[in-house]
Amino acid sequence: MMNKTRLRAIVIGGSLGGLFTGILLQSIGWEVNIYERSSHSLDSRGGGIVLQPEIVEAFERAGVTYEAPFGVVAHERFYLKQDGTIATSMPMRQTLTSWNLLYGTMRRHFSAERYHQGKTLTEVTQDDERVTATFADGTSDTGDLLIGADGANSTVRKLLLPSYKPQYAGYVAYRGLVDERELDAETAAMLSERFVFYQFPNSHILQYVIPGENESLVPGERRFNWVWYVNHDETTELTPILTDKNGKRRDYSIPPGTIAPEVEQQMRLYANQVLAPPFQRLVAATKEPFVQAILDLTVPQMAFNRIALVGDAAFIPRPHTAAGVSKAAANAIALADALVNQNHDVNKALNEWEPEQVRLGMYLWKAGKALGERSQFMHGKKRFAHLSTENAGLR
């Protein structure tokens, strides 16, 4: 695309938030360069995502081509009893997609020459006219606008708001993906193309089907995606869970294949003792579970002269809202609109853009916190299940 505006944007962070921002700014004529700190491909990260309207709108505005349905359609919700039978069912049509499918689709749409990997931001400087990003390898880039889309561990936020850090919410999400063909037929029939929940005191687990390897939507080639929320004390339990099998303490998550064996063993033992049988079988069929700490983050502002924070770099809504990815898309859509409305005057555009985005972030943060508190802490802070936590192997 030709650079119609002659304006340049620097996007820090090459995951979904950065790509949403990149494709939308590109669509209104900006020259955009995305800088991602990881030197490895990101296409194997993450699991399932509920396809919200903002995601579809972002793709349509940016001219991203995709085939509908952009995911697997679930037609109903099941809530299970402890014995695995159905307690409640209700019609509810939702499209469930995957991190991989969204990421791959946007990467194919965005210029490969302008997506730079292995670039760790160290400094940001700005004046009334320009903003410059400096990287650990000694290179730098100067543009008219810089976007911090670098997630919960945002370097841009640390530079601008050093006292604002994500706070642990008191529980983690164990997660897993299972290829359709690797689950027994009876369980697969119950779980396929449905959003299925099992709730018990201070915990719940859910699952839905998402696109499979190579973004396949062909039945038999898709994946079951599950998420299980479990309370863990920050002082006594969190550090072992977030220490990978190589002994490295991670900030907020352990990717697939790197959970410490003893943590994985304890999770599987607990699953066998407290989950409804279909979920026991689903967890048992998972080869490489992963885990993330559930976090809270709010910020007092998102615009700083020629710098803006978007997505999880600014506000982290808990996953119960199913809105983390759609919020990043909404931030990017509103930013593109504000730039067009203000004839690409960055300062005026950010002044227009910021108030509503802060309100959206606060609304989702409050909603997610309320859902999480109700789910996880109705009976205090500890794990509460059919058996004692000591017998469950999680001490």
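**Entry 1: a pair of strands**

I started with Leu-177 and found that this residue stands opposite Asn-225 in β14. A reminder to myself: I'm looking at a predicted model here. Next I looked up the strands around that spot. Strand β11 covers residues 167–179 and strand β14 covers residues 223–231. The two pair in the antiparallel sense, over nine bridges.

**Entry 2: the whole sheet**

Which strands form the open sheet, and in what order? I traced nine of them, running β3-β5-β4-β12-β13-β14-β11-β16-β15, with mixed pairing. At the edges I found β3 (48–50) and β15 (253–254). Each has a single partner strand, so one side of each is left without a neighbour in the sheet.

**Entry 3: helix α10**

Then I moved on to α10, which takes in residues 346–376. At its start, I saw a side-chain oxygen of Asp-345 reaching to within 3.2 Å of the backbone nitrogen of Asn-347. With 31 residues at 1.5 Å a residue, α10 should span 45 Å, and its end C-alpha atoms are 42 Å apart, which agrees. Where does α10 bend? I found a bend of about 30 degrees at Glu-354, and a proline, Pro-355, follows within four residues.

**Entry 4: Gln-357**

Skipping neighbours within four places in sequence, I listed what Gln-357 is in contact with: Met-302, Ala-330, Asn-331 and Ala-334.

Technical notes
Residues are numbered from 1 along each chain as its sequence is written. This is a predicted model: local features need pLDDT of at least 70, side-chain atom pairs count only at pLDDT 80 or more; totals for chains, interfaces and linings use all residues. Side-chain values use heavy atoms; hydrogens and water are left out. Contact means heavy atoms within 4.5 Å. The expected span of a helix is 1.5 Å times one less than its number of residues. The bend at a residue is the angle between axes fitted to the seven residues ending there and the seven starting there. A polar contact is a pair of N or O atoms within 3.5 Å; within protein, one must be able to donate a hydrogen and the other to accept it, and residues adjacent in sequence count only if both atoms are side-chain atoms. Two strands pair if DSSP finds at least two bridges between them.
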